[in-house]
Amino acid sequence: MEASPLLAEDLSSQLKILYDQVPSTCCANSGECCALTDAEFDQGWATMFPLYSAEYLHIAEHVRTHFSPQRQQELFSFTEERPRRCPFLGEDRRCTIYPVRPLICRTYAVMDPQRIAQALERYRELLPEPWLKGFARREGGMLCPRVRVMQPEKLEQHIYNLITTFYERALRRLHGGLELADPERRELLFKLTGRRDWPLNWTWGGFNALCAAPLEWMREHFKGYWKKAELMDAV
Ligand code: SF4
């Protein structure tokens, strides 16, 4: 995959500003949240998902500049849409792209049942009920008792951001200014799928199928790949 001239420094710095609002955590590094059990797979769960377009470009740039040519080749040719194990999970069960991991991996298990209940009580009269229900549903599905919050001073703003979907809206705004790949791929995407925009979020494998797979493969196989895709723009 060629280096994208579209990945400006300011994309990286805007993501950093966003990510800095999420309290940092530490955990047992078991890697359990980065791979799926059979039951989780059958229930439709996915690792490292949703991955937003701006985050895909950010991680792709990191891979190009920090990984060996062989590893780059492995990672950019990875087109599995819903793998059982995140392609960035190392053999030692640590994240190999930790500094640029996406928002979903940063927010995972920051909230616990007590914090969710307190937030719901606190904002009950202040914010719309559908927002609170959405927040409880999303965060209630991302719990892990082994995760500890290391920056509790950031929790209040983070909770407000989660309830008001501030992070998602910021990532959507960033998406508006991006070209994910060259015009030929964009035209192929439009022609083969009837879409009129790049996907806002997908998975590492899905974005690779669109942005990094050989053009001949895309011409021949992308339509079938897309028809079977489950996760494009799923948020
Ligand atoms: S990007 Fe890193 S933290 Fe996120 S699922 Fe993959 S290995 Fe885990």
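At what angle do helix H6 and helix H7 pack, and how far apart are their axes? In this predicted model, local features need pLDDT of at least 70, side-chain atom pairs count only at pLDDT 80 or more, and totals for chains, interfaces and linings use all residues. Numbering starts from 1 along each chain, following its sequence as written.

Helix H6 (residues 113-123) and helix H7 (residues 129-140) pack at about 175 degrees, with axes 11 Å apart. Helices here are DSSP runs of H or I, at least four residues, and strands are E runs of at least two, numbered from the N terminus. Axes are lines fitted to C-alpha atoms, for helices over the stretch in contact, with angles from 0 to 180 degrees between N-to-C directions. H6 and H7 are therefore roughly antiparallel (angles over 145 degrees). Ile116, Leu120 and Tyr123 of H6 meet Leu132, Ala136, Glu139 and Gly140 of H7; contact means C-beta atoms, placed from the backbone, within 7 Å.

Now for the ligand: its surroundings are Cys34, Thr47, Met48, Cys86, Phe88, Leu89, Cys95, Ile97, Arg101 and Cys105, with "near" meaning a C-beta atom, placed from the backbone, within 6 Å.

Met48 turns up again in the largest nonpolar core, which has 38 residues; Met48, Leu51, Phe207 and Leu210 have the most contacts inside it. Such a core joins buried Ala, Val, Leu, Ile, Met, Phe, Trp, Tyr and Cys residues through C-beta atoms within 7 Å, buried meaning 20 or more other C-beta atoms within 10 Å of a residue's own. Helix H3 gives the most to this core, with 6 residues.

Technical notes
Buried ≥ 20, exposed ≤ 12 C-beta atoms within 10 Å, placed from the backbone. Parallel < 35°, antiparallel > 145°, perpendicular 65-115°, else oblique. Contact = placed C-beta atoms within 7 Å.
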